[in-house]
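The entries below are in the order in which I looked.

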Amino acid sequence: MDQSLDMLHMMLTSPEDHINEWFDSEFLKAPLARLASELGAPPSQKTIAIGGMMMSMRHNPGMARPRGGTGALIQALLNLVKHEGGVVLTDQHVSQVLVDDGRAVGVRVANGTEYRAKQAVISNIDAKRLFLQCMNAADVDAADSKLRDRLERRIVNNNETILKIDCALSEVPRFEHHHHQDSNLIGSVLIADSVRHVEIAHSHPTAGDIPDSDPSMYAVVPTVLDPSMAPDGKHTLWIEFFAPYQIAGAEGTGLNGTGWTDDLKNKVADRVIDKLADYAPNLKNSIIARRVESPAELGERLGAYKGNYYHIDMTLDQMIFMRPLPELANYKTPIQGLYLTGAGTHPGGSISGMPGRNCARVFLSSQRPIAQAVNKFKDSFAAVTRSMLGIV
Ligand SMILES: Cc1cc2nc3c(=O)[nH]c(=O)nc-3n(C[C@H](O)[C@H](O)[C@H](O)COP(=O)(O)OP(=O)(O)OC[C@H]3O[C@@H](n4cnc5c(N)ncnc54)[C@H](O)[C@@H]3O)c2cc1C
């Protein structure tokens, strides 16, 4: 059998169908389905079966986290930019990308200040927000008369996002019924009782319902691997609970009309913690403090449509050379000097750095087309020479 056809089949099918083809044990199938659903859809969703491989990637190459937490990675990148003479401004909401004669020439921020670009404007918010919220419609239409309509109508954000719970703990959660060892907490804890449990956890949010009668979740105790993130002997815990952005039947109430209120988010968090405590009975007594962020608050913090932390959905129809749209998929846009990166571009959400790296390469090659072409030619020539000489 042609393995490339098997690969194509795997790209098109659903995690549930793919997992059923290879495994029998529900004990193994449920967490595989849970990890595939990290792509933001239920395991029955066609085209996200590739998410099932996340389990094997946790074994090889294994889990990795920046020492000091994700913030430490950001700090390291900031240090590099500053070291190279760059300046980073935060808390500056870009209200408009300035376009002059079809070329992006800078940005205007919320307080009216304008910053002029020497070479280019690179955006890492998704294309829909960039072109529909941060640009003058006439500038976009002049470059591509169909673009606004295609962004508006084709890009899909289903209704699923995250209610996040952060806890400060006096001790690690002890999974007494599951041969507890602290070292097991170096990875992530998946509460997924069955594939059906995961299916409900991810299909109800799409319909606007909160699947909190029997919560499935993803939990991490980062301080087991990196004790520097808490005072001596203390720990932190974060929990991802997938939940709807817009609650059905609660339109127009709560934060931004989503139905989410402080009272509701805390009630849902209580149920999630109750469920986790079924597995780790010491959990509730060990909580020193907790912070709950509702889907509406997450959406407000990121600015993403429907609180989508991947900016746009990660189904195959919006991936690779179609992310976010075929005409925007190579990090360039129809506006000269305006580039697009971030989770809404290939290869999508998560903290991989790859959209930024790819965009930087496209930007640099447009700045130095001849030097880049020479380098490419040198690389290809060297590769051909090596293969002719049989050198690997
Ligand atoms: C709870 C949670 C847990 C996660 N866990 C993991 C994990 O374990 N591993 C992993 O790989 N990924 C994880 N992710 C996903 C990952 O965090 C995102 O996919 C990733 O951060 C996207 O990065 P980004 O830089 O493209 O966009 P973002 O992180 O969304 O950054 C975009 C930035 O642009 C700012 N912005 C928006 N509009 C404007 C504007 N008009 N002007 C100026 N600034 C603006 C926003 O405030 C934001 O800071 C998690 C996400 C969440 C929510």
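I began with the polar atoms and found a nitrogen atom of the ligand 2.8 Å from a polar backbone atom of V94. Before going further I noted that this is a predicted model, in which local features need pLDDT of at least 70 and side-chain atom pairs count only at pLDDT 80 or more, whereas totals for chains, interfaces and linings use all residues. I also noted that residues are numbered from 1 along each chain as its sequence is written, and that side-chain values use heavy atoms, with hydrogens and water left out.

Taken alone the ligand exposes 1,000 Å², of which the protein buries 67%; the areas come from the Shrake-Rupley method with a 1.4 Å probe.

Which residues come nearest to the ligand? They are V94, H311, A343, S350 and I351, out of the 19 residues around it, where a residue is near if one of its heavy atoms lies within 4 Å. By class I recorded 8 nonpolar, 7 polar and 4 charged residues in this shell. I then checked the secondary structure, taken as DSSP runs (helices H or I of at least four residues, strands E of at least two), and saw that β5 (160–169) and α12 (295–302) each supply at least two residues of the shell.

**Salt bridges.** I counted a salt bridge where a side-chain nitrogen of Lys or Arg is within 4 Å of a carboxyl oxygen of Asp or Glu, and by this rule the count comes to 21. I found K164, D166, R291, E293 and R301 linked in a network of salt bridges.

Buried or partly exposed, how do K164 and R291 count? K164 counts as partly exposed because its relative accessibility is 24%, and R291 also counts as partly exposed, at 45%; the cut-offs are under 20% for buried and over 50% for exposed, with partly exposed in between (1.4 Å probe, protein chains only).

I next looked at D126 and R129, whose side chains meet in a salt bridge at 2.5 Å, N to O. D126 is at 2% relative accessibility and so counts as buried, and R129, at 4%, counts as buried too.

**N308.** I located N308 in the loop between α12 and β10 (338–340). Its relative accessible area is 5%, so N308 is buried. The side chain of N308 makes a polar contact with the side chain of N157 at 2.8 Å; such a contact is a pair of N or O atoms within 3.5 Å, and within protein one must be able to donate a hydrogen and the other to accept it, while residues adjacent in sequence count only if both atoms are side-chain atoms.

**S380.** My last entry is S380, which lies in helix α14 (residues 369–389) and is partly exposed because its relative accessible area is 41%.

Note on methods. Nonpolar A, V, L, I, M, F, W, Y, C, P; charged D, E, K, R; others polar.
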